[in-house]
Amino acid sequence: MHQPPSRDLRDAIRTIPDYPKPGVMFRDITTLLGDAQAFRRAVDELVHPYAGGKADKVAGIEARGFILGGAIAHQLSAGFVPIRKKGKLPHKTVRVSYLLEYGEDEIEMHADALVKGERVILVDDLVATGGTALAAVQLLRQIGADVIAACFVIDLPELGGAAKLREAGVEVRSLMSFDGH
């Protein structure tokens with residue numbers, strides 16, 4: 001059955017309780033992506049402050065950041081840079097390690113994806129603790145990028161990630177916030 005398009009972006013987000021573990025309310029943007037009007041509106045709202053050539057590249061964090069970041073890069077007439085988990089890119093890479101709740105992970109990008117001084121917008125679907133986004137900022141800055149903003153559809157402010165990004169000197173833009181985890 002066809003669902004009518006959402007008027008409120010928040011209504012286009014599906015919440016899945018106790019995923020991936022008990023007590024977590026998973027905010028699923030696949031429902032927003034599947035609603036053409038909501039998807040377009042989310043991209044337009046994320047693009048608006050940076051229209052007019054303010055960004056040279058958009059860097060998207062695997063995997064939902066690829067979907068949003070590609071659309072945002074297209075709207076801004078900017079290039080797109082994928083930031084991936086270790087071992088997924090075929091050419092020479094630069095990488096950074098970061099701590100997870102239990103253990104460590106690594107993200108990487110192609111070493112030639114950016115030219116020093118390029119203005120970059122970092123994109124992902126959601127900011128929680130900020131660990132992956134902070135690692136991505138570190139990675140981008142390691143190559144010499146000027147990270148002009150980090151953009152997200154959803155912020156979980158109780159987990160402090162957006163605040164950590166701001167402390168690192170990054171402008172943060174999110175379209176909505178949800179309480180809890």
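Started with Ser77, which counts as exposed because its relative accessibility is 70%, over the 50% cut-off. This is a predicted model, so I keep that in mind for everything below. I placed Ser77 in the loop between helix 3 and strand 4 (79–85). Its phi is positive, about 55 degrees, although Ser77 is not a glycine.

Asp18 sits in the loop between strand 1 and strand 2. Buried or exposed, or something in between? At 48% relative accessibility, I log Asp18 as partly exposed.

Checked omega next. The bond from Tyr19 to Pro20 is cis, with omega near 5 degrees, and Pro20 is in the loop between strand 1 (14–17) and strand 2 (25–28). I also found a cis peptide bond joining Glu62 and Ala63, with omega about 0 degrees. Ala63 belongs to the loop between strand 3 (57–61) and helix 3.

Moved on to the helix pair. How do helix 2 and helix 3 pack? I get an angle of about 60 degrees between helix 2 (residues 36–47) and helix 3 (residues 64–76), with the axes 10 Å apart. The two helices are therefore oblique to each other. The crossing of helix 2 past helix 3 is right-handed. From helix 2, the contact uses Phe39, Arg40, Val43, Asp44, Leu46 and Val47; helix 3 brings Ile67, Leu68, Ala71, Ile72, Gln75 and Leu76. Sorted by class, I have nine nonpolar, one polar and two charged residues in this contact.

Then helix 4. Its 13 residues (131–143) should span 18 Å at 1.5 Å a residue, and the end C-alpha atoms are 19 Å apart, so the length agrees. I listed its buried residues: Ala133, Ala135, Ala136, Val137, Leu139, Leu140 and Ile143. Just past the helix, Gly144 takes a positive phi of about 105 degrees.

Last stop was Ala133, in helix 4. Its relative accessible area is 6%, so I call Ala133 buried. What does Ala133 touch, leaving aside residues up to four places away in sequence? I noted Ile61, Leu122, Phe152 and Leu165. For Ala133 and Phe39, 94 residues apart along the chain, I read a C-alpha separation of 22 Å.

How values were computed
Residues numbered from 1 in each chain as written. Predicted model: local features only at pLDDT ≥ 70, side-chain atom pairs only at ≥ 80, totals over all residues. Heavy atoms only, no water. Axes fitted to C-alpha atoms, helices over the stretch in contact; angles between N-to-C directions. Helix = DSSP H or I, 4+ residues; strand = E, 2+ residues; numbered from the N terminus. Parallel < 35°, antiparallel > 145°, perpendicular 65-115°, else oblique. Left-handed = near helix turned anticlockwise from the far one by under 90°. Contact = heavy atoms within 4.5 Å. Nonpolar A, V, L, I, M, F, W, Y, C, P; charged D, E, K, R; others polar. Expected span 1.5 Å × (residues − 1). Buried < 20%, exposed > 50% of the residue type's maximum accessible area, 1.4 Å probe, protein only.
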